[in-house]
Amino acid sequence: HAWGRLLRFHMLDTRQYRDRQPCRVPGEESPSSVTPTGCPELRDPARSILGSYQERWLEQGLAQDAALGERWSVVAQQTIFAQRNYKPLPAESYHPSTWDGYPASRQRVLDAVQGAGARNTVFLGGDIHQNYVSRVLADFSRPQSPVIASEFCGTSIASASGTAQSRAQEIADNNPHILLARSDRRGYAVADVTPGRWLTSLRVLDDVAQPDSGISTLARFAVDDCVPGPRAV
């Protein structure tokens with residue numbers, strides 16, 4: 001869906017067309033984390049979280065954005081897109097149900113973003129009951145690769161997170177492209193989008209159990225036109 005030439009949403013489905021989570025035993029729950037050495041299929045290039053048709057559809061849509069001169073290309077999907085390595089390098093451990101469980105599929109999307117040449121690309125996600133703000137790298141296996149997009153992953157409105165804030169911060173410390181990781185607050189995000197800037201305000205409640213709870217802004221991040229990657233403001 002497009003709002004003139006200001007922005008266009010690409011709404012993805014990361015659920016019904018994906019391959020099963022890596023190293024998941026049929027009939028059992030997915031493991032809480034997987035490693036490349038313990039789960040070789042994690043990096044199988046044939047695996048996809050979108051399915052091949054949807055991957056091509058997104059690539060074509062981003063190229064169309066560039067051709068039409070859309071200011072902001074918004075990729076909205078159900079989980080967190082950026083890599084979250086649970087361990088300090090050189091060790092590796094990943095959540096198998098997010099894009100981390102489908103790194104080859106994610107890399108094809110990253111290559112599509114770069115190849116399309118869209119003016120600004122912003123990823124929106126959720127599901128994990130935590131706020132994450134991240135720089136999206138051209139190749140997460142190369143931490144020094146350029147920043148090509150931004151991501152805002154929203155927390156839950158009311159449901160608690162199963163991750164302690166100390167652990168969320170530890171994960172952020174292990175992944176320098178993650179600018180904010182907060183599991184301790186509930187709320188929503190507000191985006192104020194103009195041709196020159198995208199501004200996301202993370203709004204959080206004092207107490208979700210109270211109907212008259214106060215609300216405040218946890219943090220604000222801006223993305224400037226033609227400058228990929230969020231910055232705190």
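How exposed is R15, in terms of relative accessible area? R15 is partly exposed, at 32%; here buried means under 20% relative accessible area, exposed over 50%, and partly exposed in between, with a 1.4 Å probe and protein chains only.

1. Basis. This is a predicted model, in which local features need pLDDT of at least 70 and side-chain atom pairs count only at pLDDT 80 or more, while totals for chains, interfaces and linings use all residues. Residues are numbered from 1 along each chain as its sequence is written, and side-chain values use heavy atoms, with hydrogens and water left out. Helices (H or I, at least four residues) and strands (E, at least two) are DSSP runs numbered from the N terminus.

2. R15 and D127. The side chains of R15 and D127 form a salt bridge at 3.4 Å, N to O; the term requires a side-chain nitrogen of Lys or Arg within 4 Å of a carboxyl oxygen of Asp or Glu. R15 sits in the loop between β2 and α1, and D127 in the loop between β4 (121-125) and β5, so that the pair links distant parts of the chain, 112 residues apart. D127 is partly exposed, at 48% relative accessibility.

3. D65 and R8. A salt bridge also joins the side chains of D65 and R8, at 2.6 Å, N to O. Because D65 belongs to helix α1 and R8 to strand β2 (residues 7-11), the pair ties together parts that are 57 residues apart in sequence. D65 counts as buried at 0% relative accessibility, and R8 is buried with a relative accessible area of 18%.

4. Other salt bridges. The structure holds 14 salt bridges. One of them joins R182 and D184, with the closest N and O atoms 2.8 Å apart. R182 is partly exposed at 22% relative accessibility, and D184 is partly exposed at 36%. R20, E41 and R47 are linked in a network of salt bridges.

5. Nonpolar cores. A nonpolar core is a set of buried Ala, Val, Leu, Ile, Met, Phe, Trp, Tyr and Cys residues joined through side-chain atoms within 4.5 Å. The largest has 21 residues, of which F81, W99, V109, F123, V136 and I148 touch the most other members. Two or more residues each come from α1 (52-68), α2 (103-116), β5 and β6 (147-153); α2 gives the largest share, four residues. A second, separate core has 13 residues, including L7, V74, W198 and V223.

6. V136. Leaving out residues up to four places away in sequence, V136 touches F81, L110, F123, P146, V147, I148, A149, S150 and E151; contact means heavy atoms within 4.5 Å.

7. Helix α3. In α3 (residues 165-174), the buried residues are A168, I171, A172 and N174. They lie on the same side of α3, because they cover an arc of only 160 degrees around the axis, taken from the directions from the helix axis to the C-beta atoms. These buried residues pack against β5 (131-137) and β7 (178-182). S166 and D173, on the other side of α3, are exposed.

8. The sheet. Four strands form an open sheet in the order β8-β9-β10-β11, with antiparallel pairing; two strands pair if DSSP finds at least two bridges between them. β8 (187-193) and β11 (227-232) are at the edges with a single partner strand each, so one side of each is left without a neighbour in the sheet. Strand β10 (residues 215-224) pairs with β11 in the antiparallel sense over three bridges. Among the residues involved, D224 has V227 in β11 as its bridge partner.
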